[in-house]
Structures are given as structure tokens and as C-alpha cells.
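Let us walk through this protein step by step. Keep the structure in view as you read.

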Amino acid sequence: MPKGHYARRGSQTTKDKDGAPPHFVIEDSLGYLVNAAARLLARALHSRIVRHGVPIGQWPFLLFLWEEEGLSQTELSRRIPIDEATTVRTLDRMERDGWVRRARNGRDRRQVQVFLTRAGHALKATLLPHAVAVNDQATQGLGEAQKALLNALLREIIVRLTDDDAPWPSPGPTGRATARGAGDTRAPTTAGGKAVRPKRSDSAPPTAARKGPRGRGTSR
């Protein structure tokens, strides 16, 4: 793909003869720009962590488990967020790779809890520097105030859309797990370190009252 493909092009918009609003410009679409940035972040991170045997689809699972072990499969599915079938498939692979182990909850046998193995814990020191490097590359040339504002605005967007009742898209025909947030189009997570729940920042523009977010994203 050409290097300048995602750069804003000087496309012109025209009005219909009846005075209708200008046509939709893809390069000015928030969804398009966020989607493009997320995919490129995922590609950059994947190229680094896959060398250590970790595909990008496993990244958000590791982030949340490094922060809090013993989460149930259902809770991981909610936090990332992806459908539970994809969660199970990804955990199956992670268990085969030796990163996690699963156990039934002693108080509620219906719940399956997920724990990191010693190898899974050791990955943290290996992989987090790669995430930091990708974030640094993506924000190169931005000042600290600009970075803070960017994060605050993205959190505002996440909060506004978290309570949308639209269902998540089903995974593709291959059934392969993808990391929302580490780079797919559907995640409030980014190539960062500790997972944090999106919240309104004082540096973000004021917004109307709304419900709090149900999920959590990951940020640096």
C-alpha cells in the first residue's frame, strides 16, 4: 500500500442541484481515520511481538491478565470486547502455547477462570517495550500536551459509543481472533501498557450527561 494512502487528499465536494449537503468525504470521516490508525498500530505491534510467538489476537488478553489474573472467560470477553466464541478459541491457542491455564471457579463451577503461567508472566517484560516503541513511533513529533489531548478525545469518543446497543460484528469465516484495540476496527484498546477504563478527562471538551462505560480499553 502506498505510504501516503492514508494522508488526507484534497478531494472536492460538490452540492447537488437541489442544494443538498456536500457528498460524504471518506478521508474526512472519523471512523475511517480511527480505523486506519488502529490497523496500522496493530500491524506495527504484530510485526514485533509475533517474533516472540505471540500473534496480535492474544495481545489484549495478556494486557488484561497482567493487570488482573483470575478473570473469567466471560469477563475477558466483555472487557476486550469480543464475542465469547472468539474468546474461547483464542484462550485455547494461548493454553496450547503455554501462556495461560484455565480452572473452574471453586464457588461457581459455571465460571472458568484464566490464569497466567510462569511463561505468560515473563512475556510482560519482553513485550511491553515493543508496545511503548509503537506508541512512541505513532506520536513522534507531538508534544506532551498534544498527546494528552489526543488520548482525552479518544476516551470521550469511547465513552459516547460504549452504551450503543448495536451488536458486535461476527468474526470472519476463518474464526481467527483479532485484537480489537491492539489494532482491529472494533476495539477501545491501543498498543499500550496497563489497561484502563475509559473515563472523561478534564482536558476534553464538555459533553452532555451520559451513562458510564461498561468496558475498558488499554492505553499506554
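Start in helix 4. R93 and D97 both sit there, four residues apart, which is about one turn of the helix. Their side chains meet in a salt bridge, with 3.0 Å from N to O. How exposed is each partner? R93 has a relative accessible area of 39%, so R93 is partly exposed. D97 comes to 28%, so D97 counts as partly exposed too. Keep in mind that this is a predicted model.

Stay with helix 4, which covers residues 84–97. D92 forms a salt bridge with R102, and their closest N and O atoms are 2.4 Å apart. This pair links distant parts of the chain: D92 belongs to helix 4, R102 to strand 2 (residues 100–104), and ten residues separate them. D92 has a relative accessible area of 29%, which makes D92 partly exposed.

Now step back to helix 3, residues 73–79. Here R78 pairs with E75 in a salt bridge, and the closest N and O atoms are 2.7 Å apart. Why are the two about one helical turn apart? Because R78 and E75 are three residues apart in helix 3. Are the two partners buried or exposed? R78 is partly exposed, at 34% relative accessible area. E75 comes to 18%, and the cut-off for buried is under 20%, so E75 counts as buried. The pair does not stand alone. E68, E75, R78 and R79 are linked in a network of salt bridges. In total, the structure holds eight salt bridges.

Next, look at the loop between helix 3 and helix 4, where P81 has its place. Most peptide bonds are trans. What is the peptide bond from I80 to P81? That bond is cis, with omega near -15 degrees.

Turn to the aromatic rings. How many aromatic pairs does the structure hold? There is one aromatic pair. Its rings belong to W59 and W66, with centres 5.8 Å apart and planes at 80 degrees. Planes over 60 degrees apart count as edge-to-face, so this pair is edge-to-face. W59 has 0% relative accessibility, so W59 is buried. W66 has 13%, so W66 counts as buried as well.

Where does N105 lie? N105 is in the loop between strand 2 and strand 3, and strand 3 covers 112–116. With a relative accessible area of 10%, N105 is buried. What does N105 touch? Leaving aside neighbours within four places in sequence, N105 is in contact with Q111 and Q113.

Now move to the surface. L30, V34, L142, L150 and L154 form a nonpolar patch there. Together these residues have about 370 Å² of accessible area. Which helices supply at least two residues each? They are helix 1 (30–49) and helix 6 (144–162). L30, for one, lies in helix 1.

With these details placed, zoom out to the whole chain. The protein has six helices and five strands. From the N terminus on, the elements run α-α-β-α-α-β-β-α-α-β-β. Of the 220 residues, 35% count as buried. The accessible surface comes to about 13300 Å², and 54% of this belongs to carbon and sulfur atoms. How far along the chain do contacts reach? Take the contacts between residues at least 6 apart in sequence: 61% of them join residues at least 24 apart.

The average pLDDT is 77, and 64% of the residues score at least 70. Two stretches call for a look here. Over residues 172–190 pLDDT stays under 50, and the model has 59 contacts for this stretch beyond four places in sequence. Over residues 194–220 the pLDDT is also below 50, and this stretch has 81 contacts in the model beyond near neighbours in sequence.

Technical notes: Residues numbered from 1 in each chain as written. Heavy atoms only, no water. Patch = residues over 30% accessible without salt bridge, like charges linked within 9 Å, V, L, I, M, F, W, Y side chains within 5 Å. Areas by Shrake-Rupley, 256 points an atom, 1.4 Å probe, with all protein chains shown as cover. Salt bridge = Lys/Arg side-chain N within 4 Å of Asp/Glu carboxyl O. pLDDT = per-residue confidence, 0-100. Contact = heavy atoms within 4.5 Å. Buried < 20%, exposed > 50% of the residue type's maximum accessible area, 1.4 Å probe, protein only. Phe/Tyr/Trp six-rings, centres within 6.5 Å; stacked < 30°, edge-to-face > 60°.
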